[in-house]
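Please read these notes with the model open beside you, and check each point against it as you go.

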Amino acid sequence: MTIEPRIRDELHTLRDQVRYFQGGMVASVDGMVIAHDLPDIEPDGLAALTAAAIGVAKRLTEATGQGAFEETLTRGSDGYIAAYSAGRRAVLTAVASPHTNVGRLHLQARRAAERIGALVDSAPRP
């Protein structure tokens, strides 16, 4: 049984829980899309960019003695992009408008990332 439908359900739940949430994606840490709910964003490109961004974030946290990477938040003039570690093998990327409550986004996305990470880590490797 594939985990993709269950991950997509988690992304839909996140959309329901966070106002102004625009979409989400789960990808492997090396940039391969696992599942997405991104109506207006090309998921393969976002997965590759996320992998590059978390690579830099991991180096930054290690270089400053802040421990293992957990999450990163980027704020642009038109909204937010957040990436959350989802277990050992995946990352959850969330896209939200500038009107979103970032605290709520973090709360719900961290919970979703934990559940998604458990799904991905327990699935057999392809």
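1. The second largest pocket is lined by eight nonpolar residues, four polar ones and no charged ones, where Ala, Val, Leu, Ile, Met, Phe, Trp, Tyr, Cys and Pro count as nonpolar, Asp, Glu, Lys and Arg as charged, and the others, Gly among them, as polar. Please keep in mind that this is a predicted model, in which local features need pLDDT of at least 70 and side-chain atom pairs count only at pLDDT 80 or more, while totals for chains, interfaces and linings use all residues. Residues are numbered from 1 along each chain as its sequence is written, and side-chain values use heavy atoms, with hydrogens and water left out.

2. Among the residues that line this second largest pocket are L46, T50, T72, I81 and T93. The largest share of its lining, six residues, is supplied by α2, and α2 (43-63), β3 and β4 each give at least two residues; helices (H or I, at least four residues) and strands (E, at least two) are DSSP runs, numbered from the N terminus.

3. Strand β3 also holds R75, which is exposed, with a relative accessible area of 68%; buried means under 20% relative accessible area, exposed over 50%, and partly exposed in between (1.4 Å probe, protein chains only).

4. In helix α3, the buried residues include V102, L105, A109, A112, I116 and L119. An α-helix has 3.6 residues a turn, so residues three or four places apart point the same way. At the start of α3, a side-chain oxygen of N101 comes to within 3.0 Å of the backbone nitrogen of G103.

Terms used:
Polar contact = N/O pair within 3.5 Å; in protein donor to acceptor, adjacent residues only side chain to side chain. 1 Å grid on protein atoms, 1.4 Å probe; cavity = no way out; pocket = protein on both sides within 12 Å on 5 of 7 lines; lining within 4 Å.
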